[in-house]
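Welcome! Here are some friendly questions and answers about how a few labels are given.

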Amino acid sequence: MTVTVERGGRVTGKQDRAVHPRRSRDSYALFLLPGALAFLAVVIVPFLMNTGVSLTDWQGVGSPEWAGLANYRELLDDVGFWESFRHSLFMVVAMAVLPTAVGLVLAAALFDYVGKHFGSRTAAVLRACFYLPQVLPVAVAGIVWSWILAPDDGSLNELLRAVGLGSWRQDWLGDPGLALYSVMGVMVWVQLGFPLVVFMAGLQRVDPQLYEAAELDGAGWWRRFAHITLAQIRPEIYVVLTWCTIAALKVFGAVYVLTKGGPGGATNVPSYFSFTTFFEKTQVGYGAAISTVLTVIILVLSLAGLRLQTRAQDAEEGLRT
């Protein structure tokens with residue numbers, strides 16, 4: 001209600017157009033509806049169907065027989081599944097922990113040192129070089145690395161022989177003691193560019209005066225990194241760790257191209273274990289149980305990561321106020 005006082009003391013009123021919160025929410029819902037329908041069709045419905053199949057004993061043809069929780073009880077005692085899950089923890093180190101730590105240091109170095117001393121264009125070129133493996137298809141990267149790590153005429157073994165370290169030549173992907181670590185090295189190379197780009201984008205919002213003041217006070221690069229960079233881009237760190245952990249738990253393409261889970265299951269991971277159970281052993285119900293458990297684990301970790309990020313943001317806002 002807008003109140004006006006005219007000359008002579010007479011009061012007149014004019015009703016403003018009211019903004020209805022419900023009408024505003026309805027308009028937002030229209031924009032969210034296509035994405036919600038796509039999410040329902042692509043994620044929710046297939047997950048529910050997969051969960052239903054996991055409760056049956058089915059070979060992919062004929063009529064499935066109801067098995068209840070028998071597949072999940074068998075899964076608890078399956079040594080192969082727990083071994084594949086242990087391998088996925090190594091993948092978390094290779095695809096989340098190491099790329100996040102190394103990417104954070106490289107992003108700070110490119111932003112705070114290379115950009116200042118060699119120009120922003122040089123930093124941008126180096127950033128693009130680090131991000132290039134993310135652009136390559138997984139199949140292409142896997143084939144190239146299988147050539148590099150080949151036991152007989154692979155580039156790595158030839159390089160070792162050329163520099164006089166021929167005794168270090170190994171069957172990098174065929175030795176059960178080395179295959180998992182070789183795949184981990186490849187995944188560090190593949191994954192490093194994503195944290196680097198995210199952290200460099202996060203550093204764009206940091207006030208440059210913080211670095212200038214710290215430098216005037218005599219703080220070296222490492223102290224500026226520890227006390228300014230880490231504190232300012234904490235939300236990006238949570239996002240990268242959550243995203244990369246999810247990618248590590250559901251990694252499939254690199255294992256399929258490089259080792260196919262071998263040798264002797266040394267590089268088997270839950271997603272590939274589920275794939276072989278589905279299509280090679282034709283135990284569709286059991287394979288569905290494996291993928292359902294993996295999906296639930298990923299969902300729980302995602303919610304935990306989001307919760308930690310929200311709590312950190314709330315604490316930061318509380319300190320500001």
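Q: Why is Arg86 called partly exposed?
A: Buried means under 20% relative accessible area, exposed means over 50%, and partly exposed is in between (1.4 Å probe, protein chains only). Arg86 has a relative accessible area of 39%, so Arg86 counts as partly exposed. Please keep in mind that this is a predicted model, where local features need pLDDT of at least 70, side-chain atom pairs count only at pLDDT 80 or more, and totals for chains, interfaces and linings use all residues. Residues are numbered from 1 along each chain as its sequence is written, and side-chain values use heavy atoms, with hydrogens and water left out.

Q: What makes the contact of Glu83 and Arg86 a salt bridge?
A: A salt bridge is a side-chain nitrogen of Lys or Arg within 4 Å of a carboxyl oxygen of Asp or Glu. Here the N to O distance is 2.7 Å, so the pair Glu83 and Arg86 qualifies. Both residues lie in helix 3 (residues 79-118), 3 residues apart, about one turn of the helix. Helices are DSSP runs (H or I, at least four residues), numbered from the N terminus.

Q: How many salt bridges does the structure hold?
A: The structure holds 3 salt bridges. One of them joins the side chains of Glu158 and Arg161, at 2.3 Å from N to O. These two residues are 3 residues apart in helix 6 (residues 155-162), which means about one helical turn separates them.

Q: How do you know whether Glu158 is buried or partly exposed?
A: The relative accessibility of Glu158 is 26%, so Glu158 is partly exposed. Arg161, with 46%, is partly exposed as well.

Q: What makes Arg205 and Glu236 a salt bridge?
A: Their closest N and O atoms are 2.9 Å apart, so the pair meets the cut-off for a salt bridge. This pair links distant parts of the chain, 31 residues apart: Arg205 is in the loop between helix 8 (193-203) and helix 9 (208-216), and Glu236 is in helix 11 (residues 234-249).

Q: Why do Arg205 and Glu236 get the labels they have?
A: Arg205 has a relative accessible area of 47%, so Arg205 is partly exposed. Glu236 is at 15%, so Glu236 counts as buried.

Q: Where is Ile44, and why is Ile44 called partly exposed?
A: Ile44 is in helix 1 (residues 21-54). The relative accessible area of Ile44 is 31%, so the label is partly exposed.
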